[in-house]
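This report describes a chain as a reader might first meet it, moving from the overall fold to single residues. Please look over the sequence and the structure before reading on.

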Amino acid sequence: MPRPTTAQITYGSVTVVFSTLAMLLLSQTSSGVGIAVIALAALGLGLLVAVTVPLPKQPKAPAARSVPVVSSAEGRVPEQRDAVRAAPVLADSVREPTR
């Protein structure tokens, strides 16, 4: 279950406080049972509001780019492997510069 966002906590808490005050003032109850019922109703309303707050939209993942496949036999990209086959270089034809 994901953690609640700051907006969800804020809206839910504000709803609980204001709905409790409003219901206590409107009902003018002074009994312990009445206050407990109002408090539970306010908590339920606050929970409902917190759950229905829209969540922020997640950023979309960037589109996957195609990556050239590396040949495991030669360790080269296939296009490079084909170019090497077309023009092979012999190890003895490459010489170090002389001084």
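## Overall fold

The chain holds three helices and zero strands, where helices (H or I, at least four residues) and strands (E, at least two) are DSSP runs numbered from the N terminus. Followed along the sequence, these elements give the pattern α-α-α. This is a predicted model, in which local features need pLDDT of at least 70 and side-chain atom pairs count only at pLDDT 80 or more, whereas totals for chains, interfaces and linings use all residues. Residues are numbered from 1 along each chain as its sequence is written, and side-chain values use heavy atoms, with hydrogens and water left out.

Of the 99 residues of the chain, 13% count as buried; buried means under 20% relative accessible area, exposed means over 50%, and partly exposed lies in between, with a 1.4 Å probe and protein chains only. Among the contacts (heavy atoms within 4.5 Å) with a separation of 6 or more, 47% are accounted for by residues 24 or more positions apart.

## How α1 and α2 meet

Two packed helices are described by the angle between their axes and the distance between the axes. Here the axes of α1 and helix α2, which covers residues 32–52, come within 8 Å and cross at roughly 150°; the axes are lines fitted to C-alpha atoms, for helices over the stretch in contact, and angles run from 0 to 180 degrees between N-to-C directions. The two helices α1 and α2 are therefore roughly antiparallel to each other, given that angles over 145 degrees count as roughly antiparallel, under 35 as roughly parallel, 65 to 115 as roughly perpendicular and the rest as oblique.

The crossing of α1 and α2 is right-handed, a term used if the near helix is turned clockwise from the far one by less than a right angle, with left-handed used if it is turned anticlockwise. On the α1 side, the residues making the contact include Y11, T15, V16 and S19, and on the α2 side they include A42, L43, L45, G46 and V49. By class, the contact of α1 with α2 has 13 nonpolar, seven polar and no charged residues, where Ala, Val, Leu, Ile, Met, Phe, Trp, Tyr, Cys and Pro count as nonpolar, Asp, Glu, Lys and Arg as charged, and the others, Gly among them, as polar.

S19 is found in helix α1, which covers residues 6–27, and at 12% relative accessibility S19 counts as buried. A polar atom of its side chain lies 2.6 Å from the backbone oxygen of T15, and a polar atom of the S19 side chain also lies 3.3 Å from the backbone oxygen of V16. Leaving aside neighbours within four places in sequence, S19 is in contact with A42 and L45.

T15 also lies in helix α1, and T15 is buried, with a relative accessible area of 17%. A polar atom of the T15 side chain lies 2.7 Å from the backbone oxygen of Y11, and, with neighbours within four places in sequence left aside, T15 is in contact with T20, L45, G46 and V49. V16 has its place in helix α1 as well, and V16 touches A42, L43 and G46, not counting residues up to four places away in sequence. The C-alpha atoms of V16 and L45 are 6.9 Å apart in space, although the two residues are 29 residues apart in sequence.

T52 lies in helix α2 and, at 55% relative accessibility, counts as exposed. The side chain of T52 reaches the backbone oxygen of L48 at 3.0 Å and the backbone oxygen of V49 at 3.1 Å. The C-alpha atoms of T52 and Y11, 41 residues apart along the chain, are separated by 9.9 Å.

Terms used:
A polar contact is a pair of N or O atoms within 3.5 Å; within protein, one must be able to donate a hydrogen and the other to accept it, and residues adjacent in sequence count only if both atoms are side-chain atoms.
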